[in-house]
Amino acid sequence: MSWIHIMILLPFIYAILVPFLYKLYSHKLHTGWFVMPIPVIIFIYLLQYITPISSGEKIYTTLAWMPSLGINFTTNVDGLSLIFGLLITGIGALVILYSIYYMAKKREALHNFYIYLLLFMGAMLGLVFSDNIFVLYVFWEITSISSFLLIAYWYQRPKSRYGAQKSMLITIFGGLAMLAGFIMLSMMTGTNSVQEIISQMNDVTSGPLFVPAMLLTLLGAFTKSAQFPFSIWLPDAMEAPTPISAYLHSATMVKAGIYLVARFTPVFGGAVEWFWIVSVVGMITMIWGSFYAVKQTDLKALLAYSTISQLGLIMSLLGLGSASMAFGFTEESAMYTVATGAAMFHLINHATFKGSLFMVVGIIDYETGTRDIRRLGGLMTIMPISFTLSIIGGFAMAGLPPFNGFLSKEMFFTSVLRASELPIFSMETFGIMFPVIAWVASVFTFVYCMILIFRTFAGKHQPERLEKKAHEAPVGMLIPPIVLSSLVVIIFFFPNIIGQSLLKPSLAAILPGFTQDGAFEFITKIEAWHGFNTELFMTIGIVIFGTLLYLSHKKWSSVFYTLPEWFSLNSVYNAALEKSETVARGITNNYMTGFIRDYLVYIFAFFSIALLTCVWVLKGVSLDISNNAPISIYEVILVIGIVISALGVLFSKSRLTAIISVGALGYIIALLFVIFRAPDLALTQLIVETVTVALFLLCFYHLPEFKKEHSRVRFRITNLIISLGVGITVTLLALSAQGNKLFEPISSYFENSYELAGARNMVNAILVDFRGFDTLLEILVLSVAGLGVYTLIKLRKQGSGTNETE
Amino acid sequence: MRPNDILLHSVTKIATFIILTFSIYLFFAGHHNPGGGFIGGLATASVVVLLFLAFDVETVKKYLPLDFQLMTALGVLLAVLTGVGSFFFDAPFLSQTFDYFELPIFGEVELATAVLFDIGVAMAVIGTAVTIILSISEAD
C-alpha cells in the first residue's frame, strides 16, 4: 500500500469518524471544519506530483485486491488523472468551506451530508486514479450512489426524491452498459489494466467486439456526463443543496464521463465511429443545452443547462481531437491535437467558473430566499461582491476577455475550423456544420450568461417580492467563489503555467502516440492576442449577435413555448417510466390470476410442450417391444378395471361416486401388485388405500352446507387438450424409455440379500439395510405429516387469537 | 345415547388379540417373508382404531395410557440412533449387521440390527396413524 492508495482511501476512512465528531462537537463547532482538512491534505499531496508528471514520468502502483481475477487496485498517476485529482480535491476543499457557511448547524443533519460528500470525493478520486477497469467501475458506481444520496439530501421533498431517482436510474443504466463494454474489452485483450489494453489495442481494433465495446463504454460516459439525450437528469438534480450542485453537477461527477472518453481515446480513437459519435453527440448536447438554458427562469436550472452545454462542448472537442489519431502520429496530424488540448483546458476553466457561479447563485438564494429570475433584480448595489464574482464567472462562460473562458473558446473555434477542413471521415461535405453549430451555440451561451448576470443584478430592485431583506453574504461564504474567480483571471493572464504543468502531460496521456516535442506546441503559446484571425471575428460576431438577441429577448422568447409541453425528453422519460410500470403490472395481472387451476395449466402445458419438443428434436421415440413380457389375461382384465374406475372418477356426478371409484382404483392396483408378485407392496397398498378412502369420506362429510354442488366436472377444452398432452407425453416417454435400456439393472446385487443382509425378504432388506437412509427420512416425513395434522386441528380449535387476516 | 353394541364389544375383544398377534407376526416375518415395520405398524394402529371404534376414546385412553406423539418421536429417534450406533464400530452411518446366536429356548436364532431400525419405523408409523385419526375424530 503506497501513499496514493492511502490518499484515495482517506475520505472513506474518515467518513467513519464523521458521525462521532458530529455527535461530540456539533454543538460547538460546525462539522465541516473537521472535514475540510481532508481534501486540503490530498490536494497538497497531489501537488507534489506535478513536477515528475510534467517531466514525463508515470507513477504506477499496485495493491493486490483479487489477484486471481486480475482485479487489483492499481493506480496510475499521469497528466489526465492528475488534472482531475487536483480539481476534485481543490474544488472539494472550497465547497466544504462554502458549505460550512451555507448549511445551518442547527437545522441540518450535517453528519449525513459530510459522509455522503466524503464518499463521493473518495469514489471520484478512485475513479480517476485507478488503472484497473473493474476497480474503475466500482468507484464509478459509488459516485452514482453517493450522488443519489446527496441529491435526495432533503428527502422530505418529493422533488428531491424524484430528481435522485431519475439520476440514479439514468446513471446506473449507463454504468451497467459501461461494465458490459469493459468486460468486452477485457475479453478482447485478456487484461484489465487500461495501460495494457492501450498497448494491445492495435491487434484487436478490427475484432468483432470493438464497436459494441465502444458503444457501451460511450453509453456510460454519456449518461454520466449528461449528454444528449441522457441530459435530463441534470436539471432535476438541482434539488440538491447548492454546494453539492457546485461540486458534483458542475465540477466533478459530470466530468467523469469526460474523463472516461479521454481515458479511452487511445483505445477507440482513430475509429470513424468514435469520431462521429463523440463529436456529433457533443455538438447536439451543446446547442440543445445552450438553447434551453435561455428559457430557464430558475438560476440553478439555467446553470444546469449551461453545464450540459459546456460538457457537450468538451465532449465534441474530444471527438474532434481523436481525428489526429486517424492519421497516425505524424507531423501534419499534430494540428488536430489542438482540439484535445482545448478540451482539457476548457475542462479546467469550466470547473473554475461554473463552481464559482453555482456558489454565487447559492449566495443569492441564501440571502434573498429565491432563485427565480423574475423576482430578482437590482442587487448590484446591495451585493457588490457577488455581482463582481458573477460578472467574472459569467463573462468567462460567455467567452469574453480577460477571463479564461475566452482562451478556451478561441481554441475551440480553432479546433472546429481545422476539423471542418479534415480530409477524412467525409468531413469535406459535413465539416462545415461544426463551426456553424459551434458559433450558434456560443451565441446562445452569450445570451444566457447575460441573462444570468443582468437579470439578477441590474434593473429594479423589488424588495417586496423577496422573502428576506437582501444583503451581502458573510465572508466565509464569499471566499471560495473569490478563490475560484481569481483563478479564472489568473489562468487568463498566465495560461502557460497550466499549459506546461498540466495540459501537456494530460495530452501525452490522451494521445500517447505523439512523442515528438512539436506535437503539442500550441500549449506553450496560449495567449490572449493572436492577431486578427477568423476565431476573433467569430467572437466579435457572438458579442454583437448575442447582445442583439439579449436586448430583444422579450420579443422572441415566446418561441420556447411554441413547442407543446409533452414534446420534451422529460415527458418521454416520464411516459416510459409510467408505461413500463403499467405494462408490467398488466402482464403480471394477466397471468398471475390467483387461481391454482391456471398455474397448473402453465405447469402442465410447459411440461408437455418442453418434453414433446425435446422428443421431436432429438428423435427420441423408438417403440421397441421385442423385450416385453407376454400379456396375460389377468392383466388385461385388471387394466380394463382400472380404465373403468378411472372413467368413473372423471364422469361421476357426485363426489361420493368419485371417492368410491378412487378406492376401487386403489384396490385394483393392489391386485396388480399381487399378480406382479409384489406382496409387500400389495399389503401396504391395501391398507393405505383404505385409510385414504376413509379420510376422503371424512372430508366429504365435512363439506360446507351452502353451495353444495352435485354437478359433474365442468368441461373445458383447454383442460382436455392439456390432460391429453400430458398423458401422451408420459406414455411416449415411458414406452421409449422402456424399449431402450442402456445397461443391465443393478437388481442382481440385491438378490444376495441373504448373504449380505441376512434377510430373505429382499424388499425389506433394501428398505432397512441397503437403502435404509431413505426409510429413515420417510418415517420423518410421516411423523411431520402427523404432527402437522395434529397442530392444524388443535390450534384451530384453541384459536390463537391473532388472526393475521383480520 | 349409544346403542348397546355388546356384539361389537365382544368381537372386538377377541379380534384385537388376533389382529395384534397377526401384526406382530407381520413385523417379525418381515425379515424373511412379506411384512415388516411399515405394514406391522399399520396393522397395530388398526387395532387401536378398532378399539376406538368399539369403545369410547376416553375409555381406551384410560386402559391404554400411551402418548402417541411421543411414540412417533421415539420411533424416529430409535431409527436415527441405530444409524448413529454404527459409528461406534467405525462403520458408515446406518450400517446394519446380523449374526446367529444359540439361545436357550429358541435354539439357533438370527439377530439383526435391522430389526431395531424396523422397530423405530413401526413405532413412528403407529404413532403417526393414531395421532392423525385421534386428532380428526376429536376435531368436531
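Two strands pair if DSSP finds at least two bridges between them. Helices (H or I, at least four residues) and strands (E, at least two) are DSSP runs, numbered from the N terminus. In the predicted model described here, local features need pLDDT of at least 70 and side-chain atom pairs count only at pLDDT 80 or more, while totals for chains, interfaces and linings use all residues. Residues are numbered from 1 along each chain as its sequence is written, chains are lettered from A and ligands numbered from 1 in the order in which they are written, and side-chain values use heavy atoms, with hydrogens and water left out.

Chain A contains 35 helices and 2 strands. The radius of gyration of chain A is 38 Å, well over the 28 Å that the globule rule gives for 806 residues, so the chain is more spread out than a compact globule. The radius is taken over C-alpha atoms, and the rule is 2.2 Å times the number of residues to the power 0.38. Along the principal axes, the C-alpha atoms of chain A fill a box of roughly 115 × 65 × 55 Å. The domain assignment gives domain 1 (3-523 + 534-561) and domain 2 (596-704) of chain A. Such bounds come from an automatic or database domain assignment. The centres of the two domains, taken over C-alpha atoms, are separated by 73 Å.

Of the 806 residues of chain A, 51% count as buried. Buried means under 20% relative accessible area, exposed over 50%, and partly exposed in between (1.4 Å probe, protein chains only). Chain A exposes about 37600 Å², with 70% supplied by carbon and sulfur atoms. These areas come from the Shrake-Rupley method with a 1.4 Å probe; for residues, only the protein chains shown count as cover. Contact means heavy atoms within 4.5 Å. Among contacts in chain A with a separation of 6 or more, 80% come from residues 24 or more positions apart.

Strand β1 (residues 59-66) and β2(A) pair in the antiparallel sense over 6 bridges. A:Y60 stands opposite A:N76, and A:T62 has A:T74 as its bridge partner. Between β1(A) and β2(A) lie 4 residues; in this turn A:G70 has a positive phi of about 70 degrees. For strand β2 (residues 71-77) of chain A, 7 of the 7 residues are buried, so the strand is largely enclosed by the rest of the structure. Both faces are covered, with A:I71, A:F73, A:T75 and A:V77 buried on one side and A:N72, A:T74 and A:N76 buried on the other.

A:S306 lies in helix α15 (residues 299-321) of chain A. A:S306 is buried, with a relative accessible area of 0%. Leaving out residues up to four places away in sequence, A:S306 touches A:A293, A:K354, A:M397 and A:Y448.

For chain B, UniProt (unreviewed entry) lists "transmembrane region" at residues 7-29, 35-56, 68-89 and 109-136. UniProt positions follow the numbering used here, feature names are shortened, and annotations may be inferred rather than shown by experiment. Residues 7-29 of chain B are 100% helix and 0% strand, with end C-alpha atoms 32 Å apart. Residues 35-56 of chain B are 82% helix and 0% strand, and their end C-alpha atoms are 30 Å apart.
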